[in-house]
There are 2 protein chains.
Amino acid sequence: MSAAPNPGKFLYMLEPVDSLIHAGWIIPVLPAGVVLPQHSLAIWQGEIVGIVPTSEAQTRFSARREFDLPHQALIPGLINLHTHAAMSLMRGLADDLPLMTWLNDHIWPAEGRHVSAEFVFDGTLLACAEMLRGGVTCMNDMYFFPEAAARASLQTGMRTSFGIVVLEFPTAYAADADDYLHKGLKARDEFKDEPLLSFAIAPHAPYTVTDRTFAKIVTLSEQLDCGIHMHIHETEDEIQQSLKEYGVRPLARLKNLGLLGPNLIAVHAVHLNAVEIADLAHQGCHVAHCPASNLKLASGFAPVDKLLQAGANVGIGTDGAASNNRLDVMGEMRLAALLAKGVAGRADAVPAQTALAMATINAARALGIDKKIGSLEIGKCADIATIDMSKVETSPCFDVISQIVYAADREQVSHVWVDGELKVENGSLIDIDTQELLAKTAYWQNKLHPTQ
Amino acid sequence: MSAAPNPGKFLYMLEPVDSLIHAGWIIPVLPAGVVLPQHSLAIWQGEIVGIVPTSEAQTRFSARREFDLPHQALIPGLINLHTHAAMSLMRGLADDLPLMTWLNDHIWPAEGRHVSAEFVFDGTLLACAEMLRGGVTCMNDMYFFPEAAARASLQTGMRTSFGIVVLEFPTAYAADADDYLHKGLKARDEFKDEPLLSFAIAPHAPYTVTDRTFAKIVTLSEQLDCGIHMHIHETEDEIQQSLKEYGVRPLARLKNLGLLGPNLIAVHAVHLNAVEIADLAHQGCHVAHCPASNLKLASGFAPVDKLLQAGANVGIGTDGAASNNRLDVMGEMRLAALLAKGVAGRADAVPAQTALAMATINAARALGIDKKIGSLEIGKCADIATIDMSKVETSPCFDVISQIVYAADREQVSHVWVDGELKVENGSLIDIDTQELLAKTAYWQNKLHPTQ
């Protein structure tokens with residue numbers, strides 16, 4: 001990242017910046033709980049270079065463009081810590097079905113018939129459009145044809161960690177585990193100089209990947225210093241299956257294989273005993289909590305409060321739109337805060353401030369990019385969402401963080417920046433053609449389900 | 001309700017109607033699961049007088065006003081089966097606190113200092129504005145100064161069942177149980193000819209009302225043939241307290257007192273054993289399920305799937321905005337569908353169609369007005385919400401009912417009618433001055449919490 005332009009030797013010389021945002025409130029997330037009323041944020045070359053009281057902003061900065069957002073709260077762009085973006089094209093394809101019927105009779109056959117680079121590109125575009133409008137500036141993606149997902153993500157200007165997906169069984173994308181790794185690493189090479197893209201190795205789950213492949217993944221993760229993004233302990237069934245097949249629970253098997261550590265993002269982590277909670281925390285693993293998906297597929301209730309109490313780093317993900325059916329991190333943040341209270345039996349579990357941290361800085365830590373994003377601090381990338389608090393739905397407003405988490409809606413997101421670039425203005429996507437996107441979506445809807 | 005004008009003796013004479021709505025889909029809710037694509041709905045004198053394919057509508061009706069809503073789905077206006085509307089002025093006043101701290105240190109003191117007829121009027125206006133915009137056309141309210149709530153509700157043109165609230169202890173509103181009843185019945189007399197208003201007796205809870213008062217309430221409910229709207233089994237604590245004080249659980253005490261029956265709306269009903277579930281179902285009681293509030297206050301997980309399986313009638317409520325913090329029945333419908341799956345451990349529990357019925361026809365049954373509202377059928381009142389399905393967030397759309405419940409947002413509500421009167425057009429309130437409302441809300445915010 002570039003340094004801010006030096007104010008120079010003249011005492012009253014204004015500092016030139018690209019954008020200056022005058023906000024009703026700035027909520028930096030770090031330090032925790034801080035709310036800065038009537039503050040302004042300055043952006044230069046994609047970077048946050050100033051956060052000052054609005055009354056001082058005009059005497060400090062000269063901006064190419066100013067934004068007067070007196071009713072808006074600025075928060076760090078939200079981070080979706082687990083999704084299958086392209087599955088947005090299967091949103092609502094098969095709801096209200098038992099998990100195995102849903103997978104075996106609907107999702108897997110549809111994927112088998114339709115998933116291609118084109119499908120992934122179009123589905124990822126749709127997902128990025130939805131997420132950007134909802135204040136989500138970064139996602140951790142896991143799906144087939146990650147190079148197509150990366151291209152779509154780049155086109156929208158969203159920040160993405162794409163997953164080098166690994167499975168043992170063949171799909172339209174790859175033949176076997178080595179082929180998945182080979183193709184994913186090729187994609188990584190292709191995009192390694194893109195500042196908005198990072199990558200992780202994404203073995204699907206302990207029950208779909210062999211010990212032999214896991215050994216390769218551990219080596220690769222160490223060599224490339226990259227994260228491992230995997231579904232773990234989503235259902236009770238997979239635990240029983242592992243006990244039968246390996247004599248140990250999946251997490252114990254992963255631990256034996258050397259996978260537990262600060263590189264691991266354990267997605268779902270619904271079924272955990274006390275030892276496993278302590279293990280995840282002590283090993284510095286990260287958890288991607290997906291509350292809506294866990295409910296919708298009846299997977300169970302993740303022990304989020306216990307994980308946080310144990311010191312584990314927990315972020316929030318939407319999962320794919322086929323099991324949610326929204327890619328709405330604001331809604332997921334609210335659900336995570338509410339659900340944790342019910343599960344813990346304590347109304348003070350996961351307060352609003354913690355939920356907001358889960359959707360921002362905690363997720364950035366999990367992705368290993370918390371030096372770049374996850375909070376509004378000088379020197380970090382300008383990934384920002386603004387929320388219009390002037391609506392009937394968020395009035396009165398006694399505590400703006402609380403109101404954002406419990407009362408506000410993603411439709412109140414008015415402006416979004418990624419890396420200093422304006423992506424959403426007054427609730428509208430700037431450089432995505434919504435009509436073209438809807439036409440593409442209609443094309444795929446007809447292909448997937450021609451009878452409707 | 002008036003009859004539709006007779007088409008007359010001339011075969012091709014058009015039937016004059018007030019409004020004709022051409023919709024992408026009509027979802028009547030009754031019969032269950034039916035979706036009518038490209039249908040039109042005709043309204044005359046507040047009543048639904050026709051539901052026909054759009055291709056036939058122009059040859060059947062001549063309307064004073066037509067609405068072309070090709071991307072919208074029409075559903076019955078949503079019904080909020082339990083709220084304390086005026087508490088919208090305490091939205092977010094004290095979040096993330098244990099229940100008794102919340103009540104004793106924040107809500108009750110604030111109510112003691114501030115609640116008045118003026119507070120209730122203004123708070124109810126705010127609540128009605130939020131609800132109407134979110135497609136909610138009817139609410140079941142319980143709060144102090146119900147005559148002020150009734151006046152506010154009438155001003156907005158929303159349909160309301162107001163509660164004749166009863167407590168033993170004195171408040172700014174009334175001195176003792178007899179005084180509450182006296183004042184409530186006076187309000188009932190004042191408004192008994194208003195077609196949009198109905199009323200129920202609303203004893204706060206078993207733990208705040210004595211046997212002597214319950215005896216009076218049973219007699220009154222029979223004499224006036226009106227509902228009884230009460231918090232029941234919200235927390236485990238109140239059950240333990242009842243066991244100590246009365247030697248029985250609250251529901252058993254209420255049963256002994258003769259309160260269980262088709263007049264009873266049991267709000268929350270979180271902690272129920274198998275006998276109680278069977279009792280509620282067999283006695284024809286209704287349950288107002290409040291999923292967000294039950295999570296936020298850590299009350300527990302209501303056995304909704306079991307209640308429905310047992311044949312109980314379950315509707316959905318938001319509770320007050322101080323413990324939610326939204327009056328968003330669409331959101332609550334989604335949460336109810338998701339949460340029930342998690343609690344039941346079955347992804348097919350409370351499917352989308354059931355959740356939609358809970359928020360419409362089931363609630364109408366609970367209020368005893370299912371002959372008037374709760375579904376889109378000829379002869380019923382034209383209480384209608386329309387949802388714009390053309391957004392990125394609800395694309396693709398394989399199943400419109402599923403998409404409304406799991407993917408759509410109350411911000412997609414575009415038009416709302418109550419009793420045939422247009423209340424929301426293109427997402428904007430027609431006859432509520434939002435700026436004036438926000439100014440009033442700011443006034444109360446400052447009174448309640450002058451430091452912010």
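1. Let's start with a charged pair: A:E393 and B:R133 form a salt bridge, with their closest N and O atoms 2.7 Å apart. A salt bridge here is a side-chain nitrogen of Lys or Arg within 4 Å of a carboxyl oxygen of Asp or Glu. Across the interface of chain A and chain B the rule finds 6 salt bridges.

2. A word on the model: it is predicted, so local features need pLDDT of at least 70 and side-chain atom pairs count only at pLDDT 80 or more, while totals for chains, interfaces and linings use all residues. Residues are numbered from 1 along each chain as its sequence is written, chains are lettered from A and ligands numbered from 1 in the order in which they are written, and side-chain values use heavy atoms, leaving out hydrogens and water.

3. Now the whole interface. Chain A and chain B each bring 64 residues to the contact (heavy atoms within 4.5 Å). The area buried between them is about 5,100 Å², and carbon and sulfur atoms give 59% of that. Buried area is the accessible area (1.4 Å probe) that two parts lose on being put together, summed over both.
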